[in-house]
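Welcome, and thanks for opening the viewer. Let's take a short walk together, one selection at a time.

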Amino acid sequence: MLIRKPSDIVPSEITPRELYEGRREFLQTLAIGGAALSFPALAQAAKLPNVVASQYKPAGEANTPLKYVTGYNNYYEFSVDKEEPASVAGKMKTRPWTVSIEGLCAKPQTIAIDDLLKFAPLEERIYRLRCVEGWSMVIPWIGFPLATLLKRVEPLGSAKFVEFISVADKASMPNLNRAILDWPYTEGLRLDEALHPLTLMAVGLYGEELPNQNGAPIRLVVPWKYGFKSAKSIVRIRLTDKMPGTAWNKAAANEYGFYSNVNPDVDHPRWSQGSERRIGELTKRKTLLFNGYNEVAPLYAGMDLKKNF
Ligand SMILES: Nc1nc2c(c(=O)[nH]1)N[C@H]1C(S)=C(S)[C@@H](COP(=O)(O)O)O[C@H]1N2
Ligand SMILES: [Mo]
């Protein structure tokens with residue numbers, strides 16, 4: 001088994017293959033319609049009933065076509081290639097599945113996924129997802145606010161942060177044998193960020209249950225932060241009094257901070273954050289502070305966002 005220190009991770013493993021190989025035609029191909037890419041046929045997914053229509057929709061921006069949303073993914077437990085998760089992730093079993101919510105709360109509990117699906121009215125919310133690598137999508141998610149779930153366990157006054165822990169399923173995830181990240185994949189939010197109404201527990205997209213490669217059966221979506229904050233296939237949520245370590249921060253602290261708010265003025269050491277390419281489009285667009293979700297600005301009042309990146 002290959003165990004390496006984070007400092008041994010070579011950029012080729014954390015840079016999209018199409019970029020370091022200089023496949024410049026790649027995104028163009030995506031824009032033209034994916035002719036050169038073989039997107040696998042979609043597995044039969046269950047339609048989610050009684051979904052409330054969205055009040056959340058970026059004005060004047062088209063949804064990213066389903067084949068890109070489900071065919072171009074970051075899911076490192078399965079592959080560091082973006083086209084592979086679609087065909088590899090199908091092996092992961094998402095039933096039975098439970099999520100335990102524990103730590104500094106009065107009523108810790110473990111909830112089965114099928115109860116979570118009925119747990120709160122499901123709403124469609126169309127959010128931008130901005131990856132730190134410089135691409136973005138507009139995705140019609142289906143889910144419920146994380147706040148609904150957190151309020152149910154009654155966080156204690158001492159709880160200040162929330163840690164999210166993804167599944168580490170050796171049977172289906174080939175990369176768990178490689179020290180690419182410190183598995184299981186973990187992420188974290190400050191409690192007030194976690195309680196913000198924009199923070200969503202997503203259980204579906206485009207009207208159906210989440211495909212495995214997008215984080216089935218339940219994943220986080222934090223639309224004003226870089227995509228990696230939105231942990232997939234969550235099994236455990238922990239309330240804590242200390243800022244939790246996160247998988248990417250442990251791998252490269254100078255590249256991935258705890259906050260990771262989308263910010264065009266704070267560049268990543270290897271990627272400019274000033275602009276982004278919407279998957280499926282040819283011209284780049286300017287990246288917006290907080291990914292355009294200005295309503296979260298009060299969460300960071302008085303904070304130096306260059307230091308707290
Ligand atoms: N468990 C887990 N969650 C993860 C990742 C991952 O590799 N493993 N990748 C992150 C990154 S870098 C991004 S950009 C988004 C991509 O979500 P999508 O494939 O649904 O677009 O998932 C995030 N959540
Ligand atoms: Mo990402």
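Before the first stop, please keep in mind that this is a predicted model.

**Stop 1: a loop with Asn73.** Start by selecting Asn73. You will find Asn73 in the loop between helix H4 (66-69) and helix H5 (85-88). Now show ligand 1 as well: an oxygen atom of ligand 1 is 2.8 Å from an N or O atom in the side chain of Asn73.

**Stop 2: two further contacts of the ligand.** One of its polar side-chain atoms lies 2.7 Å from an oxygen atom of ligand 1. How much of the accessible area of ligand 1 does the protein cover? On its own, ligand 1 has 540 Å² of accessible area, and the protein covers 99% of this.

**Stop 3: the surroundings of the ligand.** Where does ligand 1 sit? Its place is in the largest cavity. Select the 16 residues around ligand 1; those that come nearest are Asn73, Tyr76, Glu77, Arg219 and Lys232.

**Stop 4: what the record says.** An unreviewed UniProt entry places the feature "binding site" at Asn73, Tyr76, Glu77, Cys131, Ser166, Asn214, Arg219, Ser230, Ala231 and Lys232. Among these residues, the lining of the largest cavity includes Cys131, Asn214, Ser230 and Ala231.

**Stop 5: some backbone details.** Zoom in on Arg95 and Pro96, which are joined by a cis peptide bond with omega about -10 degrees. Pro96 belongs to the loop between H5 and strand S1 (98-103).

Move on to Ala216 and Pro217, where you meet a cis peptide bond with omega about -5 degrees. Pro217 lies in the loop between strand S8 (208-209) and strand S9 (219-221).

Finish at Glu154, in the loop between helix H7 (146-153) and strand S5 (161-166). Glu154 is not a glycine, yet it has a positive phi of about 60 degrees.

Methods: Residues numbered from 1 in each chain as written. Chains lettered and ligands numbered in written order. Predicted model: local features only at pLDDT ≥ 70, side-chain atom pairs only at ≥ 80, totals over all residues. Heavy atoms only, no water. Near = heavy atom within 4 Å. Polar contact = N/O pair within 3.5 Å; in protein donor to acceptor, adjacent residues only side chain to side chain. Areas by Shrake-Rupley, 256 points an atom, 1.4 Å probe, with all protein chains shown as cover. 1 Å grid on protein atoms, 1.4 Å probe; cavity = no way out; pocket = protein on both sides within 12 Å on 5 of 7 lines; lining within 4 Å. Sits in = over half its atoms within 2 Å of the grid points. UniProt positions renumbered as here; feature names shortened; annotations may be inferred. Helix = DSSP H or I, 4+ residues; strand = E, 2+ residues; numbered from the N terminus.
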